[in-house]
Amino acid sequence: MKQRGPGADRPLSRRQGAGEGAGRSEPAPAKPKIDKASANDQALDSIIAADKREALKLAPVSHETEARLDLYIALLREWQAKTNLVAPSTLPNLWTRHIADSLQLIDLAPSAKRWADLGSGGGFPGVVLACAMAGKPGARVHLVERIAKKAAFLREAVRVTTSPGVVHLAEIGDNVDRITGPVDCVTARALAPLHQLIGFAEPLMRKGAKALFLKGQDVDAELTEAAKYWNIQPQLHQSRTGDGWIVELTSVERRG
C-alpha cells in the first residue's frame, strides 16, 4: 500500500487545479460610455444644418457672407452656454428664426450702407447686417447695447467675422444722438413697443434715416398706440420667416 504523503488530505489550491483560472468566471466586457451632451450637440448640429439650407432659400447670400455667418453662429452657440443671447427654444431654428429674419431687411433698403441697430442684444439684426455689409466701401453698422455682457459678445462677433460693426455700450436713448456720421437706416428687433422705438430713432430720422422695425402679430395694436404720440405713415411688409411684420417709416413727427 502506498503511503500518503504529508498534506495529501489538503484541498487543491487554484494553482494546483487543472489549469490556470479554472472555476473563475470572466468579467463581462465594459459597456461603452455614451456622452449624452455630445450626442445632443451632434443632433442639434444636424437640425441647424437643415434649418440653414431653408434659411438661405429665403434670403440668399454670397459665399463670403455665408462663411462669416457660420463663424457668427458658432460663436453664438459657444457663448449661449454662459450668456442668454437667444431664447433656448429657438436654437434649432437659428438660421430661419434669426438670420434670415434679419437679412430680409436688406431688400427693403438695398442702397443703405450705414445702419444703426438699437438694442442689438445677441446681434439680430445688427451683426447679421454687418456680415452682409462687409467688403462694401463706406459700410458701417452701429450696434447699440446697454448690457455689458452682450456688448462684449457683440465686440467679439464683429472681430471674429471681420465685419464693419461698431459697438456702443450705452442706454439706447442716451446714445442714439451721439452716433457720428450719417445713418441710412435705423432698425430694432424685440426691443420696445413701437411708440418708444420711434422716440429712440427720431433723432436719426431727423437727419434722413429710414426706420425698419421688426414686429410680431400684434403690430396693429402697436400702430394704434403709436399714433397717439406720433404722426406717422407706416408701410407694412409681411415677414418671409413667420407671422411677423416689418414696419417701415420714412418720417415721423411728434404730436402736440
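Guide: A residue is called buried when its relative accessible area is under 20%, exposed when over 50%, and partly exposed in between, using a 1.4 Å probe and protein chains only. Arg189 has 16% relative accessibility, so Arg189 counts as buried.

Visitor: What kind of model is this, and how are residues numbered?

Guide: This is a predicted model, in which local features need pLDDT of at least 70 and side-chain atom pairs count only at pLDDT 80 or more, while totals for chains, interfaces and linings use all residues. Residues are numbered from 1 along each chain as its sequence is written, and side-chain values use heavy atoms, with hydrogens and water left out.

Visitor: How many helices and strands does the chain have?

Guide: Helices (H or I, at least four residues) and strands (E, at least two) are DSSP runs, numbered from the N terminus. Here the chain has nine helices and nine strands. Of its 256 residues, 45% are buried.

Visitor: Where does Arg189 lie, and which residues is Arg189 in contact with?

Guide: Contact means heavy atoms within 4.5 Å. Arg189 belongs to strand β4 (residues 185-189). Leaving aside neighbours within four places in sequence, Arg189 is in contact with Arg97, His98, Asp101, Phe124, Pro125 and Leu214. The C-alpha atoms of Arg189 and Lys215 are separated by 7.0 Å, and these two residues are 26 apart along the chain.

Visitor: Is Ser120 buried or exposed?

Guide: Ser120 has a relative accessible area of 2%, so Ser120 is buried. Ser120 is found in the loop between β1 (114-118) and α5. Setting aside neighbours within four places in sequence, Ser120 is in contact with Leu143, Val144, Glu145 and Leu154.

Visitor: What is a nonpolar core?

Guide: In soluble globular proteins, nonpolar side chains tend to be buried together. A nonpolar core is a set of buried Ala, Val, Leu, Ile, Met, Phe, Trp, Tyr and Cys residues joined through side-chain atoms within 4.5 Å. In this model the largest nonpolar core has 46 residues, of which Tyr72, Ile99, Trp115 and Phe153 touch the most other members. Elements giving two or more residues to this core include α1 (36-58), α2 (63-80) and α6 (148-161). The most comes from α5, with seven residues. Apart from this core lies another, of 27 residues, among them Ala116, Val186, Ala201 and Ala209.

Visitor: Which residues is Phe153 in contact with?

Guide: Beyond its neighbours within four places in sequence, Phe153 is in contact with Tyr72, Leu75, Leu76, Trp79, Leu85 and Gly122.

Visitor: How is a pair of packed helices described?

Guide: Two packed helices are described by the angle between their axes and the distance between the axes. Axes are lines fitted to C-alpha atoms, for helices over the stretch in contact, and angles run from 0 to 180 degrees between N-to-C directions. Angles under 35 degrees count as roughly parallel, over 145 as roughly antiparallel, 65 to 115 as roughly perpendicular and the rest as oblique. Take α3 and α5, whose axes come within 9 Å and cross at roughly 55 degrees. That makes α3 oblique to α5. Ile99, Ser102 and Leu103 of α3 make the contact with Val128, Leu129 and Ala132 of α5.

Visitor: At what angle do α8 and α9 pack?

Guide: Helix α8 (residues 194-206) and helix α9 (residues 219-226) pack at about 55 degrees, with their axes 8 Å apart. They are therefore oblique to each other. Leu194, His195 and Ile198 in α8 meet Glu222, Leu223, Glu225 and Ala226 in α9.
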